[in-house]
Amino acid sequence: MPALISTRLLILFGESSRASRTAWCHRGLRFLTHAGRDQGPLTLASLGFKSEFERPDKIKTNKHEKLKLNSAIEVPKSKVKAVGRNGTRDVGVKKSLEIESAPFAAKSFSELGLPPLLLERLEKEGFQVPTEVQSAAIPTILKNHDVVIQSYTGSGKTLAYLLPILSEVGPFANKSFNGDEESRKKSEIDAVIVAPSRELGMQIVREFEKLLGPANKKVVQQLVGGANRSRQEEALKKNRPAIIVGTPGRIAEISAAGKLHTHNCRYLVLDEVDELLSFNFREDMHRILDHVGRRSGANPSGPKNLLARRAERQTILVSATVPFSVIRAARSWGSDPLLVQAKKVTPLESLPAPGPVNLSRPTSSSSSNQNLQPQAAIQSLPPALKHYYCVARLQHKVDTLRRCVHALDAKSVIAFMNHTKQLKDAVFKLEARGIKAAELHGDLGKLARSTILKKFKNGEVRVLVTNELSARGLDVPECDLVVNLGLPTDSIHYAHRAGRTGRLGRKGTVVTICEEPEVFVVKKVQKQLGIPIPACEFTEGKLVGVEEEKEPSESLK
Ligand SMILES: Nc1ncnc2c1ncn2[C@@H]1O[C@H](COP(=O)(O)OP(=O)(O)OP(=O)(O)O)[C@@H](O)[C@H]1O
């Protein structure tokens, strides 16, 4: 039964008093988040692995590598794999993993073993210091491990996999790994990156293009739905891209038509993997997993084929939220996969199976969601985010949003609603009150979607009213406020929506506007994420804190 919360106006915050309340919230946030995470540093040594270094000849070494190899971990012969110079994996070679020596907090990209040409490009594009997750992931991927990359929204996970791929594929790669031009022409796609939405796919392509520069743009091609398929197929034939980025449906479609040759592919990246494992994508993902990096000539139905697949490609799974279903998938698709987080690399085999599922309410159609654990969301939020909730009647929600935008003086706002039909009405109401707004949802065409996003990114649109489509991966660094006008289905969805703001250390606020009977959902999200979400109101153009009087039964819990 929903908790009954009577509220009383507590303080009228001016800028300074708001700051002090914020500081309180932050202390609470840090403490709770820290308490949730602080189980001592988990290193491979602490997990009982041998600290001994051996570098067998067959394993590739990166010439540019400047890592200090202080210690290493020896892995049983049977479980070792590596990518050879021609892109095939040498299986059964004794290999040492220098995970512990990965410079988790590298001061520059040059410490991470990237090729000089790529370092030059990074500098040109203004990327100077790698983030923590990049510092951990780049050397680990360069050492050929299958990985699951988990770190909070906006922490730079895209470059964490993109840079090691560009170190070995395309114009910046060491030629001895890349092969000569002739063999590259003969070879197929080298890297397949899958994303659950067109917007995210296009964003990843732009990130690649930024580093590749105009001269090498054709090394990467996007294969997203909603665009002309035959044009994409023609471009594949003409440009022979080494990297493709796309949505599951379009990649599977072109692959099934025999126009996409990925059997010798070296990298398969699933960005927002927990979403890609959902029921909606099941068939397409099946095809992709079956055909990317498969040894040509292998019997597709036999059990040996699975082993062949494992041996051929490097699988990189990425998300801010990693439920156990992803861990299980990574274990079955990869060999000795590692979980890479900021400052931490853990063998997946050492992770315990999850406890009983405890979700606030039934989730969407996603089958993987059945396996979601509240813990999956805990480390997914940027620590500097501020969270509030505000009670409003359904018919007053949009007006409350307007007052919220003014009170926080937010410049770039993403407002989430659950039903597409409601978006137009909300936009109309906001525009009528002089706030530039636009709707973004899946029913719009590709062109309309990219035009709206462009306008939002360049500041022409102040409030983007959208649905779950924009919850994952969308990177608009300027976004300083996220508002939930419709409640997210669970803490995982809350985390992804919230993560559209406060990216890469920036300030950000998340406000959930809900009806009184929905407050219990906010309370559950708060508990599952381990963050304070205090109540607030918007009065006289200011954010006003509201004290909550707990039910007697609640205070006894
Ligand atoms: N080392 C870096 N230095 C400066 N900016 C960076 C660096 N790494 C990434 N960025 C920028 O940070 C922003 C967020 O990165 P990215 O989108 O990869 O985050 P993410 O962790 O994938 O987030 P999400 O989980 O929401 O998908 C992007 O604008 C990216 O260009």
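**Helices and sheet**

Analyst: In this predicted model, helix H13 (residues 324-333) lies across strand S4 (147-150), strand S8 (267-271) and strand S9 (314-319), and H13 runs at about 170° to S9.

User: Which strands does helix H9 lie across, and at what angle does H9 run to S5?

Analyst: Helix H9 covers residues 248-256. The strands that H9 lies across are S5 (191-194), S6 and S7, and the angle between H9 and S5 is about 140°.

User: In what order do the 8 strands of the open sheet follow one another?

Analyst: The pairing in this open sheet is mixed, and the twist from one strand to the next averages 15°. Strand S6 (220-223) and strand S11 (344-347) each pair on one side only, being the edge strands.

User: How many bridges join S6 to strand S7?

Analyst: Strand S7 spans residues 243-246 and runs parallel to S6. Across this pairing, Gln222 stands opposite Val245 in S7. The number of bridges joining S6 to S7 is 4.

User: Is helix H4 oblique or roughly parallel to H7?

Analyst: Helix H4 (residues 157-168) packs against helix H7 (residues 198-212) with the axes 11 Å apart and an angle of about 50°. Angles under 35 degrees count as roughly parallel, and 65 to 115 as roughly perpendicular. Because the angle is about 50°, H4 is, relative to H7, oblique.

User: Which residues of H7 are met by H4, and how many of the residues in this contact are nonpolar?

Analyst: The crossing of the two helices H4 and H7 is right-handed. From H4, the contact draws on Thr158, Leu159, Tyr161, Leu162, Leu163 and Leu166, which meet Ile204, Glu207, Phe208, Leu211 and Leu212 in H7. Besides 1 polar and 1 charged residue, the contact of H4 with H7 has nonpolar residues numbering 9.

User: Is helix H3 roughly parallel or oblique to H4?

Analyst: The axes of helix H3 (residues 132-142) and H4 come within 9 Å and cross at roughly 30°, and this crossing is right-handed. Since angles under 35 degrees count as roughly parallel, the orientation of H3 to H4 is roughly parallel.

Terms used:
Residues are numbered from 1 along each chain as its sequence is written. This is a predicted model: local features need pLDDT of at least 70, side-chain atom pairs count only at pLDDT 80 or more; totals for chains, interfaces and linings use all residues. Side-chain values use heavy atoms; hydrogens and water are left out. Axes are lines fitted to C-alpha atoms, for helices over the stretch in contact, and angles run from 0 to 180 degrees between N-to-C directions. Angles under 35 degrees count as roughly parallel, over 145 as roughly antiparallel, 65 to 115 as roughly perpendicular and the rest as oblique. A crossing is left-handed if the near helix is turned anticlockwise from the far one by less than a right angle, and right-handed if clockwise. Contact means heavy atoms within 4.5 Å. Ala, Val, Leu, Ile, Met, Phe, Trp, Tyr, Cys and Pro count as nonpolar, Asp, Glu, Lys and Arg as charged, and the others, Gly among them, as polar. Two strands pair if DSSP finds at least two bridges between them.
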